[in-house]
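Please walk through this protein chain with the model open beside the text. The report starts with one residue and then widens out.

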Amino acid sequence: MSFNIAEREDTIIALATPQGVGAIAVIRLSGKDAIRVTNEVFFGKNLENQPSHTIHFGTIRDGEKIIDEVLVSIFKAPRSFTKENVVEISTHGSSYIINQVLKLFVRKGIRLAKPGEFTQRAFLNGQFDLAQAEAVADLIHADSETSHQAALNQMRGGFSSEIQELRNQLIHFASMIELELDFVEEDVEFASRDDLRRLVERILRIVEELILSFDLGNVIKNGVPTVIAGKPNAGKSTLLNALLNEEKAIVSDIAGTTRDFIEDEISIGGVIFRFIDTAGLRETTDTIEAIGVSRTQEKMKTASLILYLFDLSDTDLVEINRDINKLENLGVPFLKVANKTDKAKANIISELKANHPDTIFISAGQKENLEGLKLRILELVNLDKFRTGNTIITNVRHYDSLTKTRESLLDVLTGLDSLVTNDFLAMDIRRALHYLGEITGQVTTDDLLANIFSKFCIGK
């Protein structure tokens, strides 16, 4: 998908609400002819004489044929989402009505919009920068409190302002160093190398902090893959069902019931966790169960968190210690969850508390202390930075640009240490400026824009 200059002059139209039958549907137009063409098929007030940000009742007609009674909202340039003339037509949600309205406008010369074209026009017309435009898509797809808040913060421009401030400071020094190139024979210094070093080191610290925030940002945006593991009959499926509050997984007293993994999502404290119920870990001669055990081990290696269940009715401290040693060697964060407290063997609870005080005691079958388990799970997802308003990176494109910015800044420091000539120093600073500019769209290409906006839904 690509956008050319000629197409930017078109007036475009698309359904802005989800496909399917609903009470109402909203059809959006944007472009210089949006109000004029709508006025040609709207019977009510003369829309071209109405002020911006007003709503009008009437009918949409194809000649003498009434298609529907509608509400038409008018937003006149530049006071609109795209900074162009925008019309939003609220119709009844019938797919027949929607198609008739769209066909009518297409016959009038209005072009069907491409995915993300409304938001791209907003970006190209200076409504917001590229990072904010991407946040629009994140906001639409946010499915938890934290992902919603992260997208909202970015859309409001906090991250963009931080990047722009860093660029401005670098631009000043880059211009001074390049000015020195014009006076190379006079051997003058317009930019203090000590000041430049301090600036680069300070920017580098900020960039590295943003890079480190990506792990948290990825959790906020995509959820935490959390594996529920343990021996057969430890209560893994029962725990999954209790957390989801539904019978998602088959529960049986027969060991090895779960042969493959079962996955579902739940929001805890505004964070999405993707819980994965796995096959029980044991030696087995059953070919199918062995495949399930192998998949469990692979899932554990790639998880962000493991809930390892111990069956208090059928285990001892020696076995628990052996399993804990294996978990520690994986290098994946894990919680020790002692299940079936209602059926616990004598002294096992007191032994566990003495030897592993961080163990969480629950009864998945009786749904006891599940809230305590959820609190401990949340503790492992460090949301302190997010809750204190720090900028969090959630976009892999931004992460990549920041990583390249860091490399360029390190090259600047190396150049200062090596006393390289000004032209090489200026080149490394320009590279850092380029990668920072990629984030906000001050440096961009048609291919990059097409790739970003093609992922948006049509109508946005």
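Is Thr91 buried or exposed? Thr91 is buried, because its relative accessible area is 2%. Buried means under 20% relative accessible area, exposed over 50%, and partly exposed in between (1.4 Å probe, protein chains only).

## Basis of the model

This is a predicted model: local features need pLDDT of at least 70, side-chain atom pairs count only at pLDDT 80 or more, and totals for chains, interfaces and linings use all residues. Residues are numbered from 1 along each chain as its sequence is written, and side-chain values use heavy atoms, with hydrogens and water left out.

## Around Thr91

Thr91 sits in strand 6. Leaving aside neighbours within four places in sequence, Thr91 is in contact with Ala23, Ile24, Ala25, Ile27, Asp68, Val70, Ile97, Ile98 and Val101. Contact means heavy atoms within 4.5 Å. Helices (H or I, at least four residues) and strands (E, at least two) are DSSP runs, numbered from the N terminus.

Seven strands form an open sheet in the order 3-4-5-6-2-1-7, with mixed pairing. Its edge strands are strand 3 (42-43) and strand 7 (111-112), each pairing on one side only. Two strands pair if DSSP finds at least two bridges between them.

Strand 4 (residues 54-62) runs antiparallel to strand 5 (residues 65-75), and nine bridges join the pair. Gly58 stands opposite Val70 in strand 5.

## Helices across the sheet

Helix 3 (residues 95-107) lies across strand 1 (12-15), strand 2 (24-30), strand 4, strand 5, strand 6 (86-92) and strand 7. Helix 3 runs at about 75° to strand 5. Helix 4 (residues 117-124) lies across strand 1, strand 2 and strand 7, at about 135° to strand 1. Axes are lines fitted to C-alpha atoms, for helices over the stretch in contact; angles run from 0 to 180 degrees between N-to-C directions.

## A nonpolar surface patch

Ile55 belongs to strand 4. Ile55 is exposed, because its relative accessible area is 58%. With Phe57 and Leu71, Ile55 forms a nonpolar patch on the surface, with about 320 Å² of accessible area together.

Patches are made of residues with over 30% relative accessible area and no salt bridge; nonpolar side chains (Val, Leu, Ile, Met, Phe, Trp, Tyr) are joined within 5 Å, like charges within 9 Å. A salt bridge is a side-chain nitrogen of Lys or Arg within 4 Å of a carboxyl oxygen of Asp or Glu. Accessible areas come from the Shrake-Rupley method with a 1.4 Å probe; for residues, only the protein chains shown count as cover.

## The whole chain

The protein chain has 18 helices and 13 strands. Of its 460 residues, 49% count as buried.
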